[in-house]
Amino acid sequence: MTEQSAKLTLGQKDADLAVRSGSIGPDVVDVTALYKQTGLFTYDPGFSSTASCESKITYIDGDEGVLLHRGYPIDQLAERGDFLETCYLLLYGELPTTREKDDFVYRVTRHTMVHEQMSRFYTGFRRDAHPMAVMVGSVGALSAFYHDSTDIADPHQRMVASLRMVAKMPTIAAMAYKYHIGQPFVYPRNDLAYAENFLHMCFAVPCEPYRINPVLARAMDRIFILHADHEQNASTSTVRLAGSSGANPFACVAAGIACLWGPAHGGANEAALNMLMEIGTKDRIPEFIARAKDKNDPFRLMGFGHRVYKNYDPRAKIMQQTCHEVLDELGIKDDPLLEVAMELERIALTDEYFIEKKLYPNVDFYSGITLKALGFPTTMFTVLFAVARTVGWIAQWKEMIEDPHQRIGRPRQLYTGAEMRDYVAVDERG
Ligand code: CMC
């Protein structure tokens, strides 16, 4: 793959570094030998210029607003495919044939129940706990329930663990929700499709039948597709780093969930809706735009900006369309939050500050309004993101484990602390 090299000159010393090309996207300077050749580290906190791994799963062109999974554009997958097909694609590299898809759906569906003891595990949490806190704990606990699929050296166990996680995550998330609102757990139903089953487990109650609305189920499925994977983002990198030490996949995904929770990452959908509610009416938008621009105010427009996209997030376009479909289906006309959102988007897209900094709406901007209309409280938004992203985490984890060049991830640092000094006894410290 090496086509050219780059020369780094430091005083009288030269280092020749290989330059590697991918199938698309920028070339990379391979700095693996830099320390050996020069005694220097590279410094890139936040990884703005650093490719942390080689991957064949997802490609993003942030300047053009392109997102491909195994080469397929996200809009085609969202409009023409379904979530489990996307899962198959991410895990196996190709879209399934009819037979392969039926077999995959069957295998995922047969893993949807969780060990009955798990339900007792939930009751140990406070009822008012944030469901993401419950997710971190309960997904971490999966390795205690499914010991028989934690041997990462066994390809069969790796696949069983992968299917288990894709299959059980909706059940675990729905249980976190039911526990949070004080309703009984609803068991999965294997005659329902993935998103339908999730809505059923969240919103059915034992005292009356729950009817699946196909438009809402399709919207749920599309939300899952849009969040399924996103290259080497913070939570995926966390999963890879955790997995690089040989930790089992359930523990790695729990680490990913913890990372996703933050408001700069998956927590942004919850924060974006809270912000829209705080703004409340269109006339207050200029005040919030002014705050977002004020260097002395930590406030940011949640749902705007992205580390990689310096163009409209391709997922946001589909999410906006899905949002309108859901509101139309539910007969929600003149939703004040949607009005605020659309006006905020219009102003931000024409405002000099946002144009200059290339701050466009991201996927989380419209997902909050959609999820609220579907009936989810804000505290569940990031949980839904975690349900969808699980397949991406798992696909990336599997790819890493199956890479013969894989080594433990161990970044270095630029140390700026005290130099070596001698210990001083406590009574001699002035
Ligand atoms: N509102 C106002 N100003 C902003 C915003 C915003 N949402 N985002 C970035 N900026 C400004 C920032 O102040 C900085 O200005 P300056 O150059 O004058 O210091 C400039 O734009 C670059 O920002 P940055 O923080 O260096 O950019 P980053 O790549 O480190 O951060 C981000 C990316 C997504 C964390 C950030 O844009 C942000 O905090 N957005 C709001 C939270 C959000 O919506 N996150 C969801 C991301 S998409 C879903 C996911 O992948 O999890």
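The model is predicted: local features need pLDDT of at least 70 and side-chain atom pairs count only at pLDDT 80 or more, while totals for chains, interfaces and linings use all residues. Residues are numbered from 1 along each chain as its sequence is written, and side-chain values use heavy atoms, with hydrogens and water left out.

**Domains**
- The assignment, from an automatic or database source, gives domain 1 (5-61) and domain 2 (72-400).
- Their C-alpha centres are 33 Å apart.
- Domain 1 gives 10 residues to the contact and domain 2 gives 12 residues (contact means heavy atoms within 4.5 Å).

**Interface**
- The two domains bury about 920 Å² between them, with 58% of it on carbon and sulfur atoms (accessible area, 1.4 Å probe, lost on being put together and summed over both parts).
- On the domain 1 side, Ile57, Thr58 and Ile60 lose the most area to domain 2, together 61% of what that side buries.
- Four residue pairs are in polar contact across the interface, both residues at pLDDT 80 or more (N or O atoms within 3.5 Å; within protein, one able to donate a hydrogen and the other to accept it, and residues adjacent in sequence counting only if both atoms are side-chain atoms).
- Zero salt bridges are counted between the domains (a side-chain nitrogen of Lys or Arg within 4 Å of a carboxyl oxygen of Asp or Glu).

**Nonpolar core**
- The largest nonpolar core has 114 residues, of which Met135, Met220, Leu344 and Phe376 touch the most other members (a set of buried Ala, Val, Leu, Ile, Met, Phe, Trp, Tyr and Cys residues joined through side-chain atoms within 4.5 Å; buried is under 20% relative accessible area, 1.4 Å probe, protein chains only).
- Leaving out residues up to four places away in sequence, Met135 touches Gly140, Met169, Ile172, Ala173, Ala176, Ile257 and Val383.

Conventions: Buried < 20%, exposed > 50% of the residue type's maximum accessible area, 1.4 Å probe, protein only.
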